[in-house]
Amino acid sequence: MILRFFKRVFIALNIIVCVVYLLACLSPFLNPKDWPIFGFLSLFFPYLLILLVFSIFFWLVAKPRIALLPLVVLFAGWKFLGVLFAIHTTPKFTAVKPAGQIRIVDWNVANMYGLSNDAEKKKETRVEIAQAILKLQPDIICLQEFNNSTKQGPEANNIGLFTLVYPYFYFSKDVNKEDGYYQYGSIIFSKFPFSDSGRIKYPGRPESLIYADIVKGNDTFRIYTSHLQSFKFNKDDYDDMDKITKEDKQAVAASKSLYQKMKQAFVERGKQDDVIRTELDSCRRTSIICGDFNDVPGSYTYFHIRGTRQDAFLAKDFGIGRSYVSLAPTLRIDYILPDNNFTVNQFDMVDEDLSDHIMLVTDISLKK
């Protein structure tokens, strides 16, 4: 009787995991602005996958016939599995860029001041961030959460850290307080001149999608970058997470607060995805889009923006590729996505411990 009871319990749990996993597999097809629950499910996909694999092995030992159910369900998520893991064991990243290739750095630089609250340390960090980028000698730099001031002196002139080598740049200035006293947004730096550049604002938000048409010899291509809506977790939110994990009496209220904040972010990103997709569809140039999408590879955001593009990480790296260092080990939320007119030659993720994001660097070349 006891064995029969536990068998039924495990079968029921197995069915629940299978159903939730299958629902998560719908995430790439349903815009979270209309279906925010699927935004949550995409976050949990790696953990559902682990449970499903465990279930397969468990039933292979206990009752092999039942293992067929989670096995079939597992492969129903092929679309997810193909973007969750990179399986290319390529040689170590070569610091010297071969002639003719284009090196791109993409990085959310956390306001250029790192994670310290110490004022002096922040002054050092802005220089260290610039040095970490410059030593890679990229041709194009795309930065998110970049700030600058034209009125607070050289220690706040962050654009000036780059312009000696990168004279061409376009700054979104999504926030521009007191006519330059504090500016914030995404920025593109380039060694090559621009034939055009612009900013496409997101509805109801200060953030935007920016682009630059870059002229390299006889070729012109477009690069986009953006910082999509984040969860905007603050210290109180992290305290709420701590309450939940410790089963604090205030855990229910904390859970509701986090849920509402995350739900709103999913909805906003759904709107921003539509803006980006419309722009990419209307662009007639060869193009690359990169940035901090604030969403995982199994999300609607990723699939909708990527479309048929290449993912530089998947093309040349190995593993899960975490790009955000807080909260969870499975958060790859930063991307470089060239279209199919480019060849991805190499890719690396560089953790300089200067931001809560890891820097992405890739060498690409235009196909002839």
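This report describes the fold, cores, central strand and aromatic pairs of one predicted protein model.

## Basis of the model

The model is predicted: local features need pLDDT of at least 70, side-chain atom pairs count only at pLDDT 80 or more, and totals for chains, interfaces and linings use all residues. Residues are numbered from 1 along each chain as its sequence is written, and side-chain values use heavy atoms, with hydrogens and water left out.

## Overall build

The protein has nine helices and 14 strands. These are DSSP runs, numbered from the N terminus: helices are H or I with at least four residues, strands are E with at least two. The radius of gyration is 22 Å, close to the 21 Å that the globule rule gives for 368 residues, so the protein is as compact as a globular protein of that length. That radius is taken over C-alpha atoms, and the rule is 2.2 Å times the number of residues to the power 0.38. Along the principal axes, the C-alpha atoms fill a box of roughly 80 × 55 × 35 Å.

Of the 368 residues, 52% count as buried. Buried means under 20% relative accessible area, exposed over 50%, and partly exposed in between (1.4 Å probe, protein chains only). Contact means heavy atoms within 4.5 Å. Among contacts with a separation of 6 or more, 71% come from residues 24 or more positions apart.

## Nonpolar cores

In soluble globular proteins, nonpolar side chains tend to be buried together. A nonpolar core here is a set of buried Ala, Val, Leu, Ile, Met, Phe, Trp, Tyr and Cys residues joined through side-chain atoms within 4.5 Å. The largest has 44 residues; Ile140, Phe221, Ile223 and Ile276 are among those with the most contacts inside it. Strand E8 (residues 208-216) gives the most to this core, with five residues. Apart from it lies another core, of 23 residues, including Val105, Trp107, Phe162 and Tyr166.

Take isoleucine 223. Leaving aside neighbours within four places in sequence, its contacts include Ile104, Ile140, Ile188, Ile214 and Ile288.

## Strand E10

All six of the six residues of strand E10 (residues 287-292) are buried, so the strand is largely enclosed by the rest of the structure. Ser287, Ile289 and Gly291 point one way, and Ile288, Cys290 and Asp292 the other way.

Two strands pair if DSSP finds at least two bridges between them. E10 pairs with E9 (residues 219-227) in the parallel sense, over six bridges. Tyrosine 224 stands opposite isoleucine 289. E10 and E12 run antiparallel, joined by five bridges. There, aspartate 292 has aspartate 334 as its bridge partner.

## Aromatic rings

The whole structure holds 19 aromatic pairs. Rings of Phe, Tyr and Trp (its six-membered ring) pair if their centres lie within 6.5 Å; planes under 30 degrees apart count as stacked, over 60 as edge-to-face and the rest as tilted. Tyrosine 302 and phenylalanine 303 have ring centres 5.4 Å apart and planes at 90 degrees, so the pair is edge-to-face. Tyrosine 302 and tyrosine 335 have centres 5.0 Å apart and planes at 50 degrees, so this pair is tilted. Tyrosine 302 lies in helix H8 (residues 300-306) and tyrosine 335 in strand E12 (residues 334-338), so the pair ties together parts 33 residues apart in sequence.

Elsewhere, Phe146, Phe162, Phe169, Phe171 and Phe189 form one aromatic cluster.
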